Amino acid sequence: MEANQKKQVRTQNPSTWLMAFVFLSSTSFFFPSASCRSFNYKQALSHSLLYFESQRSGHLPHNQRATWRHHSGLTDGLEQGVDLVGGYYDAGDNVKFGLPMAFTITLLSWAVIEYSDLIAGAGEYEHALEAIKWGTDYFIKAHTHPHVLWAQVGDGGTDHYCWQRPEDMTTSRRAYKVDANNPGSEVAGETAAAMAAASIVFRRTNPHYSHLLLHHAQQLFEFGDKYRGKYDDSIGVAKGYYSSVSGYRDELLWAAIWLYKATQSDDYLNYVLENAYDFGGATWAIAEFSWDIKYAGVQSIASMLLMEEKPLKNKNQVILQQYRSKAEHYLCACLGQNNSTNVRLTPGGLLYVRQWNNMQYVSTASFLLTVYSDHLRAAGQRLHCDKGEVSPQEILAFAKSQVDYILGSNPMRTSYLVGYGPHFPLRVHHRGASIGSYKENKGFIGCTQGYDDWYGRRDPNPNVLVGALVGGPNSTDGFNDDRGNYVQTEACTYNTAALVGVFARLNRAQEEEAFSDEEEANLAFISDG
């Protein structure tokens, strides 16, 4: 990321929602005059999981599908005497930032937890598990002591001075940690959430690994809670790239609720309930969900607990209802159904939160809307907004409208998911993708040589960063496909991670619609006969 960025369920009849709605912040629902194009969500799902292989750091496996990449960062941690080889580069640079990496893995794990059957049905289950495990294997290495977590390798300042493939890096690979004397509750909490969520994913296929992840998650949560402090105060080089604006309280709630889901221990649920007010979980009404701000995620999961049949104490129900009211504020804001504080839409119908990498907010909103709609439907409930009730079908229809915009139903008629469709960004702001593949050209490319020989080229990137979701258009749906336009053309791992579950969900609905159409045609044929 460039500097200073602010940065198993059943499915209902798809015929009830395939016509996408758009919601305006000042009006009720209306049917747009948008294109009724059909999109290949299965292919989009496949592309999205392939993207994570392009972002890998470390020694690449024999089954690596992004073949233009090669081994990199093989001495990470050596200077500090710890093995930190592996993990993911967050975006178009070569720094390993622990906070967004952990959020990426939490999102991927959540997608598999909700939609494992759907992902498997699309033939992508093993790829999803590989993407998660590449991150969790690294977190195990990075958590070298109950109260020590190595939270970053490299720094943005020296890294951004150079334009190099990760295979050629000459920049600093210094590693940075948080510990009892230099706390970092955000990154400890988010990593705990990621490992707790992943422990659920691997519980059936790899129970020993699942238990190991849960053990690390519990230690990390205890560490982050006992030694409270902002991680970017301890790791100053994170400021300007992944500064913690919201503080660490949302991450502690986030970690606790994921640990509750992983263990069903009342200790973790009580933590979420007892800190509901002091930590802002039941009081903060937020209109975004991101690597920095987790409140909407916490509030949504807490709300889903109320939809389950498991009995809860009256006191718990009251607090969870307050969590739910804040979750509904977020969801209704995305749908434009609050009396005030709605998320604005571009003229083309895209959620618009802020200029820099706006697509991260679109993808996370689409995911939360999709998951919440399925839980509402399973419980036979509706979303309560200031302007009226919204059905699960309508919520899912809006999420679909956002995904369809991403895939090409937009004024620019371009896909913002790289490699998907006939038109997509060709000059993604990405060091590795913009320079000839190491496997084809093993000649060393120096620090500034990349700027001199590759950065300014008008040619398309020589390597297609398949599955990357770029920052996207501006507030008027405009987009400039220029490598130097990192505000719009840089992609981040968490952008794509949030779409994995949504693509799987929409693909299943599309398949069911096709089956339903075939059945109707067969019945009509029999009737005519």
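Helices (H or I, at least four residues) and strands (E, at least two) are DSSP runs, numbered from the N terminus. By that rule, the protein chain holds 18 helices and 9 strands.

This is a predicted model, in which local features need pLDDT of at least 70, side-chain atom pairs count only at pLDDT 80 or more, and totals for chains, interfaces and linings use all residues. Residues are numbered from 1 along each chain as its sequence is written, and side-chain values use heavy atoms, with hydrogens and water left out.

**Burial and surface**

Of the 529 residues in the protein chain, 63% are buried. Buried means under 20% relative accessible area, exposed over 50%, and partly exposed in between (1.4 Å probe, protein chains only). The chain exposes about 19,300 Å². Carbon and sulfur atoms supply 50% of that area. Accessible areas come from the Shrake-Rupley method with a 1.4 Å probe; for residues, only the protein chains shown count as cover.

**Helix α8**

Helix α8 spans residues 249–263, 15 residues in total. From first C-alpha to last it reaches 21 Å, close to the 21 Å expected at 1.5 Å a residue. The expected span is 1.5 Å times one less than the number of residues. Buried residues account for 12 of the 15 in α8, so the helix is largely enclosed by the rest of the structure. Among them are Trp 254, Trp 258 and Tyr 260. The buried residues pack against α2 (98–121), α5 (185–201), α6 (207–226), α9 (266–274), α10 (295–307) and α11 (314–335). Contact here means heavy atoms within 4.5 Å. After α8 comes Gln 264, with a positive phi near 60°.

**A three-stranded sheet**

An open sheet of 3 strands runs in the order β3-β4-β5, with antiparallel pairing. Its edge strands are β3 (96–97) and β5 (175–179), each pairing on one side only. Two strands pair if DSSP finds at least two bridges between them. Strand β4 (residues 148–153) is joined to β3 by 2 bridges. Phe 97 stands opposite Gln 152 in β4.
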